Protein chains: 4
Amino acid sequence: MSTRKQATLRETTVGRVRSEVLAFTVGDDPRLDLALVAADCLGSAAHATMLSRLPARVRPFGVSGRRALIRELRRIMVAAREGRFTITAADQDVHLAVERELTQRLGVLGKQIHTARSRNDQIAVDLRLLAREQLLGLVADTGRVAAALLALARRGRRVPMVGRTHLQPAMTSSVGLWAAAYAESLFDDITLLRAAYALNDACPLGAAAGYGVPWPVDRSLTARLLGFRRPVHNVLHAIQARGKVEGAILAACAQVMVSLSRLAQDLMIFTLPEFGYFSLPEGFGTGSSIMPQKYNPDVLELIRARAARVLACELAVMEVVRGLPGGYNRDLQETKGPLLEGLAITRGCLRILPPLLAGLKINRRALLAGFTPGVFAAERVLELVAGGRPFREAYQYVKAHLRELQAGDPYRSLAAKRHLGAPGRPEFKVARRRLEASRRWAQRQWAAHCAVVRRLLGVRYPLRGMREGV
Amino acid sequence: MSTRKQATLRETTVGRVRSEVLAFTVGDDPRLDLALVAADCLGSAAHATMLSRLPARVRPFGVSGRRALIRELRRIMVAAREGRFTITAADQDVHLAVERELTQRLGVLGKQIHTARSRNDQIAVDLRLLAREQLLGLVADTGRVAAALLALARRGRRVPMVGRTHLQPAMTSSVGLWAAAYAESLFDDITLLRAAYALNDACPLGAAAGYGVPWPVDRSLTARLLGFRRPVHNVLHAIQARGKVEGAILAACAQVMVSLSRLAQDLMIFTLPEFGYFSLPEGFGTGSSIMPQKYNPDVLELIRARAARVLACELAVMEVVRGLPGGYNRDLQETKGPLLEGLAITRGCLRILPPLLAGLKINRRALLAGFTPGVFAAERVLELVAGGRPFREAYQYVKAHLRELQAGDPYRSLAAKRHLGAPGRPEFKVARRRLEASRRWAQRQWAAHCAVVRRLLGVRYPLRGMREGV
Amino acid sequence: MSTRKQATLRETTVGRVRSEVLAFTVGDDPRLDLALVAADCLGSAAHATMLSRLPARVRPFGVSGRRALIRELRRIMVAAREGRFTITAADQDVHLAVERELTQRLGVLGKQIHTARSRNDQIAVDLRLLAREQLLGLVADTGRVAAALLALARRGRRVPMVGRTHLQPAMTSSVGLWAAAYAESLFDDITLLRAAYALNDACPLGAAAGYGVPWPVDRSLTARLLGFRRPVHNVLHAIQARGKVEGAILAACAQVMVSLSRLAQDLMIFTLPEFGYFSLPEGFGTGSSIMPQKYNPDVLELIRARAARVLACELAVMEVVRGLPGGYNRDLQETKGPLLEGLAITRGCLRILPPLLAGLKINRRALLAGFTPGVFAAERVLELVAGGRPFREAYQYVKAHLRELQAGDPYRSLAAKRHLGAPGRPEFKVARRRLEASRRWAQRQWAAHCAVVRRLLGVRYPLRGMREGV
Amino acid sequence: MSTRKQATLRETTVGRVRSEVLAFTVGDDPRLDLALVAADCLGSAAHATMLSRLPARVRPFGVSGRRALIRELRRIMVAAREGRFTITAADQDVHLAVERELTQRLGVLGKQIHTARSRNDQIAVDLRLLAREQLLGLVADTGRVAAALLALARRGRRVPMVGRTHLQPAMTSSVGLWAAAYAESLFDDITLLRAAYALNDACPLGAAAGYGVPWPVDRSLTARLLGFRRPVHNVLHAIQARGKVEGAILAACAQVMVSLSRLAQDLMIFTLPEFGYFSLPEGFGTGSSIMPQKYNPDVLELIRARAARVLACELAVMEVVRGLPGGYNRDLQETKGPLLEGLAITRGCLRILPPLLAGLKINRRALLAGFTPGVFAAERVLELVAGGRPFREAYQYVKAHLRELQAGDPYRSLAAKRHLGAPGRPEFKVARRRLEASRRWAQRQWAAHCAVVRRLLGVRYPLRGMREGV
């Protein structure tokens with residue numbers, strides 16, 4: 001083979017390898033990164049604004065350059081929203097896709113926006129902007145499920161229900177107590193979502209590849225423009241915090257999902273024909289193609305299973321970063337998929353529940369039928385004790401005469417438990433207060449965030465058709 | 001076989017089964033529960049105090065009963081501290097072990113303390129009291145590592161170090177930036193620990209088995225006596241929150257461990273003879289029985305590996321509760337082991353690091369030797385750009401002439417990056433402020449907690465020899 | 001301060017650090033390693049035998065040295081079995097503890113046994129010997145549960161039971177089908193346990209620290225002496241396979257546990273008073289100290305939860321080794337705890353089940369009562385189809401007239417499904433064959449293993465009171 | 001509002017709910033199920049063939065019906081291969097999409113193929129057919145990486161390399177030993193892949209919804225037609241084994257990935273400029289847009305990170321099934337995504353490595369430069385021992401004089417370790433034998449599988465452009 005032929009062959013091989021390597025490294029990014037277009041435009045707008053205000057000797061462009069860039073970024077954001085923006089494998093990721101567009105339209109200016117920036121701080125800020133919207137959406141969605149549970153609790157506040165331990169009938173409880181317990185669980189989850197929000201609320205922009213830049217960039221300015229409480233101080237940490245923030249978000253999502261999974265598990269059991277405590281509303285059961293009698297709770301089963309998937313997403317993110325050497329590593333790319341998947345699953349589950357809960361039928365008769373005599377055994381013991389028998393003796397007596405035990409009055413039994421938080425004292429003030437507080441907080445943050453977008457990009461925000469964050 | 005013989009045989013079999021079942025269900029509890037004795041005494045003291053103030057017609061004992069109980073509880077707490085309290089398999093758990101002691105000493109009074117209480121709310125409150133101390137200890141320990149990192153950062157604030165991306169030499173950085181980045185990571189972790197603390201800071205006592213009691217118990221009083229911010233309102237949630245709180249604590253621990261694992265990974269690489277950037281202090285390397293030259297970083301390796309174990313602990317806890325039906329389920333017992341293991345591992349790793357970091361030797365010469373010409377390539381490009389060449393062309397030129405590239409002056413290179421958080425502007429005010437804030441917070445909480453114990457049990461607290469929480 | 005004082009102070013500090021570092025690195029080993037004493041003695045016996053047969057010029061001792069060593073190793077093994085062998089923190093691990101004993105008794109000979117060996121290949125072979133016994137025990141234990149399920153299936157082979165999908169009543173099934181399904185699941189698990197056994201069945205001894213030794217050691221001989229099918233060929237892989245084997249074992253354990261967890265979940269539901277299909281035998285329910293009617297299935301709940309823990313153990317092991325650099329790393333120590341924990345949990349759960357299943361009462365009446373008319377809906381559709389109506393129409397008709405549907409005869413319905421594996425054709429030949437095959441295999445392996453121990457150490461094996469492997 | 005309006009509104013709401021519920025339950029199936037079209041056609045062809053041979057009184061169609069169905073199934077399979085088959089959200093899944101096509105073409109015949117079948121056994125058999133191809137592909141791919149490692153080992157069999165423990169330089173080793181160790185690790189993984197294959201090799205078809213059918217279906221026939229070793233006997237287990245098989249496959253994938261992750265980790269370190277032991281081939285490094293000197297090992301980093309993701313996939317699958325009640329549950333759907341993701345990631349990583357390894361440059365000079373004097377310390381001790389000094393004394397002497405230690409001759413040092421598997425005795429017979437055995441096995445299975453497809457569907461198989469399984 002001639003040397004030239006050999007060279008050609010070699011180049012072909014290298015070329016093929018290069019394209020396989022590119023496909024391998026790019027992975028799912030072109031698909032996943034579509035979720036980041038708006039955030040990328042926003043981050044770039046802040047960066048461009050800051051650059052345009054640098055001292056004249058170092059600024060790559062001034063006011064008019066900034067204006068042109070902002071105009072194009074706005075256009076791209078809207079186009080993406082309307083499904084008219086694509087990221088190709090050749091683009092690799094959202095940053096290069098946006099840069100390609102900018103350069104096609106604005107020539108060299110489109111490249112200059114990348115001055116004093118790296119894809120490392122760019123993706124870091126994009127993810128935090130996305131996370132901000134998602135966390136506000138999560139708080140709002142979680143609040144809606146909690147509200148639906150409180151409404152259910154109010155409907156069922158005087159409906160007796162057998163309280164269970166070990167899934168076995170144990171003591172008198174109420175539908176109200178049961179539903180409100182899950183609402184309270186979600187309030188706890190909201191505190192964790194808000195903690196993740198606080199962690200997320202710092203701006204990594206200006207960190208470049210983690211070692212800063214030899215430009216007098218104003219990191220406080222970009223942080224402020226983008227509505228962050230402060231910049232991430234240390235530039236290396238700004239890059240290394242990737243994975244940490246994602247992990248905290250997914251840990252909070254996992255807590256939400258675990259709360260929902262337990263609610264789902266209860267509903268699956270309590271809607272069985274053997275219980276019949278509740279009936280799922282029309283549209284929420286799935287039939288069978290061969291069994292006409294079927295009304296399967298697929299939605300609830302999927303919530304239970306998807307909780308396991310969100311936990312796996314969290315784990316994947318945390319393990320990807322565990323033991324990683326300092327500085328940016330390509331491994332971090334693998335935290336993006338699990339983050340987006342975990343967010344999407346959690347929000348999907350939260351949004352399917354309010355109509356289910358609103359339409360849930362409470363079958364009082366079936367609930368009362370659950371009050372077998374055994375449920376009153378503990379109360380019978382206490383009666384005997386009140387009548388003077390020692391506890392141990394009374395207990396043994398009732399245990400020995402379980403078959404003769406009579407069912408008591410669930411309502412009276414309920415009424416006897418009236419201390420704070422007990423089923424016989426249904427009051428939802430505390431819960432409503434927590435709900436209101438989280439609602440107000442989320443609305444305030446969302447309004448501030450929308451104002452940030454409007455100010456930076458001069459666009460109405462939320463964009464048309466966009467599911468609002470809150 | 002005679003009927004009597006058969007009956008005897010059957011009883012023997014049932015007896016054997018019973019003891020096997022007991023061993024199976026009790027599991028590791030007798031060992032694990034030793035960690036809970038102090039908390040159990042504290043929770044019981046609050047409950048006894050509350051009971052003694054109930055209306056006369058329902059209170060099981062009055063002031064003198066309370067006094068006797070408190071005295072014994074104090075005695076048990078001190079005995080446990082001194083290793084003189086044991087929990088047997090027959091006891092099953094800490095609650096029954098303490099009750100046994102109380103009953104042996106005080107007769108029926110020892111049983112009456114269990115009025116209007118269940119082991120379910122008892123273990124719930126015990127775990128929260130333990131978690132409170134542990135979280136304060138974690139915040140303090142984490143702060144100490146962060147302080148050691150800041151001290152190291154200060155020592156190395158003007159020592160150039162090659163900044164890396166993909167572990168490959170990339171750009172000028174400094175030892176100060178590197179060490180301070182990990183400190184900042186730990187500050188972030190502290191916010192997560194504090195979020196877990198806030199979640200934990202509510203009192204489940206009075207929930208009994210999750211359905212309240214037909215006594216007018218004062219749940220706000222016990223919450224206040226025990227120093228909680230508020231009671232868990234809903235009694236069912238008070239029981240169902242087990243696992244949730246543990247999961248949040250372990251998620252925060254996992255974040256701490258991941259931060260430490262990355263620091264450990266860096267140190268393992270940078271202390272290799274091929275780097276020699278740092279030297280571990282005497283006592284921190286482990287030799288080999290056959291290779292005299294060895295100085296192995298076992299401590300760092302174990303930190304990296306134990307981070308994986310803490311993540312597994314978190315996962316175990318979250319999965320145990322996922323999909324669990326409502327109300328108490330015995331499954332919850334299996335969250336205790338992972339919680340205690342995760343806490344012990346995390347605190348152990350945090351406590352071994354400060355002396356390691358304090359004694360870490362910075363080898364400036366080796367660090368400077370790392371500045372190969374390539375590290376200056378990006379700067380050379382910028383110089384050419386400053387001299388008028390277009391960026392793309394300058395980049396290609398430098399890339400084509402990499403071999404001729406000269407190493408630059410790391411100090412000058414450092415000095416050029418002077419914006420907020422950049423390596424050329426080492427300042428630790430922000431970090432110190434965050435450190436101080438967390439320190440003050442932890443001390444305040446700890447003081448309040450100690451006051452709670454003193455007030456309730458009349459004992460000097462922390463007990464002698466006890467590793468203080470902060 | 002005088003120089004001498006300073007030196008003293010420094011030494012004290014270093015000493016304190018050293019002891020803290022030792023405590024940190026040793027971790028739980030002194031406790032965990034007790035499980036490895038027998039294996040360590042066995043491995044050492046093989047190594048000593050091989051050394052004694054080396055060419056005269058290199059062998060550290062001959063026949064009489066070997067005899068003395070074997071005698072002491074046998075003594076230690078028996079002592080450990082009887083609880084008379086301890087490992088102290090100063091020993092660090094089982095290897096040094098055994099070496100200490102040998103040296104105390106035999107002087108320099110006790111040290112010479114360590115010729116051409118490292119703790120790295122020593123622990124590797126110990127773990128494989130332990131794993132061999134444990135895997136054989138697991139196969140035997142799993143077989144026993146499967147046998148108990150088959151016995152239950154035989155008892156219930158003609159007892160109709162509502163088959164469920166989505167937990168909702170679906171179609172006619174039988175107790176026999178239900179119980180036999182779990183038996184078959186366990187047979188599948190046994191194939192995975194045997195695959196782990198095959199992976200484990202290679203001898204790492206002679207690999208030293210992973211790079212071999214400058215002695216003409218005979219690795220094939222030690223492999224043969226210890227009953228392994230072959231040596232691990234590559235000495236580096238012999239060391240690096242740690243974690244891999246453990247991961248495979250725990251993956252198989254996790255599969256067993258997941259099978260058991262599903263069985264447990266079914267039993268928890270089907271023993272609820274609302275179902276009453278089965279009753280747990282006496283001794284397997286746990287009562288409540290306040291509710292006399294309670295009969296809680298704690299054993300089943302713990303199985304469900306412990307399955308999550310074994311999964312977490314597997315994960316911990318796999319993650320500890322993921323991304324680890326080649327060669328021995330101290331991280332590997334952290335795979336030991338999860339391995340032992342996962343094995344203990346799995347075997348504990350397997351051993352508690354046979355008496356539970358043997359004593360499980362089948363309540364035919366309750367099972368028949370579960371056959372509500374809806375269960376026959378699909379059959380009614382097929383009848384109409386057989387009578388000439390198109391399927392879709394028949395389906396719609398039945399769906400529209402669900403309330404008028406009559407319950408059919410479960411026995412007839414069962415009898416109609418008679419193809420291979422169907423509930424109307426209960427036959428257990430295939431299952432029994434699989435059971436017998438696994439039993440025979442395990443017994444054969446166990447006998448061979450015992451012969452290995454006897455031959456090497458001249459001790460009766462299994463040792464007295466030892467729970468046999470099979 | 002009039003009653004009619006109300007009814008309309010209600011219907012609209014129910015309709016909206018229904019479509020949201022559908023979107024929620026369907027999830028990613030329309031996208032994921034594209035991977036299952038070929039398997040679905042294959043399974044249906046076997047089922048149709050079996051139905052056509054049923055006794056005349058019950059068979060839904062005969063030979064000509066079968067022929068028509070097969071023709072259409074073949075067409076669909078080819079269309080899907082060429083990207084001309086889509087699954088819509090309305091279809092929900094692959095089964096209904098295929099049925100839709102069949103019905104459009106063949107009318108009622110298209111529906112009759114569903115006789116005596118349920119989507120439950122259909123998806124179960126589809127997944128096993130897919131898994132069969134994938135597992136054969138995995139064995140082949142893994143073998144190729146092992147082969148590349150052996151080729152590398154052969155190239156480097158006489159090239160000394162510092163063997164490491166704790167990542168620190170320890171002893172003489174060779175490039176050959178290092179590369180061959182990873183090959184052997186992959187052979188171990190192949191045994192686990194084959195164990196998963198054996199588990200998968202049983203046919204669930206005919207189980208319907210898990211309770212069989214009232215038709216005399218011939219399950220042995222369909223198993224044979226589809227090339228399975230046997231039917232899954234118990235029909236309920238046939239359905240319940242979903243998740244178990246997937247879990248075993250992913251556990252084996254995870255082992256492969258962990259092997260690769262460690263290889264990747266080593267390569268990342270040994271290609272650092274500080275080591276320079278190896279150079280990545282052209283095309284495998286990724287540059288930086290701002291640092292011209294960069295040659296980042298992104299491929300290796302992603303392998304390390306993706307190993308964590310495959311572990312998370314395994315965990316998700318196992319956890320979804322843990323604690324699930326018996327019979328089909330919708331949760332099982334959530335095992336499909338992780339299975340496909342885990343398979344795709346693992347195969348992608350396996351396929352990117354052979355050219356990387358083939359092009360890896362061994363830099364002998366740098367490898368030799370790694371032999372600092374310390375590496376010879378252990379050998380120096382042994383020399384002194386050979387010269388008569390007691391070991392302990394020799395060790396102390398060398399340790400005290402480390403600085404005076406001279407580097408030895410790595411080649412001589414290598415040559416001294418000549419026992420089985422040692423670096424001084426590079427021989428690859430055992431490895432080659434294992435490689436050949438797995439290769440032959442995979443080819444045999446693949447040929448048999450292709451014959452099955454050809455026989456059933458009359459199509460050339462593998463289809464054009466299809467990446468062969470082996």
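Across the interface of chain B and chain A, 38 residue pairs are in polar contact, with both partners at pLDDT 80 or more. That confidence score belongs to a predicted model, and this structure is one.

## Chain B against chain A

Start with the elements of chain B that touch chain A. Those giving two or more residues include two strands, S1 (160-165) and S2 (168-174). Helices take part too, among them H8 (175-200), H9 (219-225), H10 (235-240) and H11 (244-270). Helix H12 (298-321) and helix H18 (429-457) of chain B also belong to this group.

What kinds of residues make up this side of chain B? They divide into 40 nonpolar, 27 polar and 19 charged.

Contacts run across both chains. Here 86 residues of chain B are in contact with 87 residues of chain A. The area buried between them is about 7200 Å², and carbon and sulfur atoms give 60% of it. Three residues stand out: B:Tyr211, B:His233 and B:Arg262 supply 12% of the area that chain B buries against chain A, more than any other three residues.

The side chains of A:Asp189 and B:Lys244 meet in a salt bridge, with 2.4 Å from N to O.

## Chain C against chain B

Now turn to the other pair. Chain C can be laid on chain B by a turn of 180 degrees and a shift of 0.0 Å along the axis, with an RMSD of 0.0 Å. The two copies are thus related as by a two-fold rotation axis. Which C-alpha of chain C is nearest the axis? It is that of C:Ala312, 2.6 Å from the axis. The same surface serves both copies, since 100% of the contact residues of chain C recur in chain B.

In this interface, 41 residues of chain C are in contact with 41 residues of chain B. The buried area is about 4000 Å², with 61% from carbon and sulfur atoms. In chain C, the residues that lose the most area to chain B are C:Phe24, C:Arg309 and C:Glu334. Together they make up 17% of what that side buries.

How many salt bridges does the rule find across the interface of chain C and chain B? It finds 10. The side chains of B:Arg304 and C:Asp331 meet in a salt bridge, at 2.7 Å from N to O.

Three helices of chain C each supply at least two residues to the side that touches chain B: H1 (3-26), H12 (298-321) and H13 (336-358). Helix H12 of chain C gives the most, with 15 residues. By class, this side of chain C has 20 nonpolar, six polar and 15 charged residues.

The table sets out the two interfaces.

| Interface | Residues in contact | Buried area | Salt bridges |
|---|---|---|---|
| Chain C and chain B | 41 of chain C, 41 of chain B | about 4000 Å² | 10 |

## A buried asparagine

Next, look inside chain C. C:Asn363 is found in the loop between strand S4 (361-362) and helix H14 (364-369). Is C:Asn363 buried or exposed? C:Asn363 is buried, with a relative accessible area of 15%, because the cut-off for buried is under 20%.

Leaving aside its neighbours within four places in sequence, C:Asn363 is in contact with C:Gly276, C:Tyr277, C:Phe278 and C:Ser279.

## Backbone exceptions

Most residues other than glycine have a negative phi, and most peptide bonds are trans. Some places here depart from that.

Take phi. B:Gln92 has a positive phi, near 80 degrees. B:Gln92 is found in the loop between helix H4 (63-81) and helix H5 (94-106) of chain B. B:Gln92 is partly exposed, with a relative accessible area of 23%.

D:Leu167 also has a positive phi, near 65 degrees. D:Leu167 lies in the loop between strand S1 (160-165) and strand S2 (168-174) of chain D. At 4% relative accessibility, D:Leu167 counts as buried.

Now the peptide bonds. A cis peptide bond joins A:Tyr461 and A:Pro462, with omega about 5 degrees. A:Pro462 lies in the segment after helix H18 (429-457) of chain A. In chain B, a cis peptide bond joins B:Tyr461 and B:Pro462, with omega about 0 degrees. B:Pro462 lies in the segment after H18 of chain B.

Key: Residues are numbered from 1 along each chain as its sequence is written. Chains are lettered from A and ligands numbered from 1 in the order in which they are written. This is a predicted model: local features need pLDDT of at least 70, side-chain atom pairs count only at pLDDT 80 or more; totals for chains, interfaces and linings use all residues. Side-chain values use heavy atoms; hydrogens and water are left out. Copies are superposed by least squares on the C-alpha atoms of residues with pLDDT of at least 70 in both. Contact means heavy atoms within 4.5 Å. Buried area is the accessible area (1.4 Å probe) that two parts lose on being put together, summed over both. A salt bridge is a side-chain nitrogen of Lys or Arg within 4 Å of a carboxyl oxygen of Asp or Glu. Helices (H or I, at least four residues) and strands (E, at least two) are DSSP runs, numbered from the N terminus. Ala, Val, Leu, Ile, Met, Phe, Trp, Tyr, Cys and Pro count as nonpolar, Asp, Glu, Lys and Arg as charged, and the others, Gly among them, as polar. Buried means under 20% relative accessible area, exposed over 50%, partly exposed in between (1.4 Å probe, protein chains only). A polar contact is a pair of N or O atoms within 3.5 Å; within protein, one must be able to donate a hydrogen and the other to accept it, and residues adjacent in sequence count only if both atoms are side-chain atoms.
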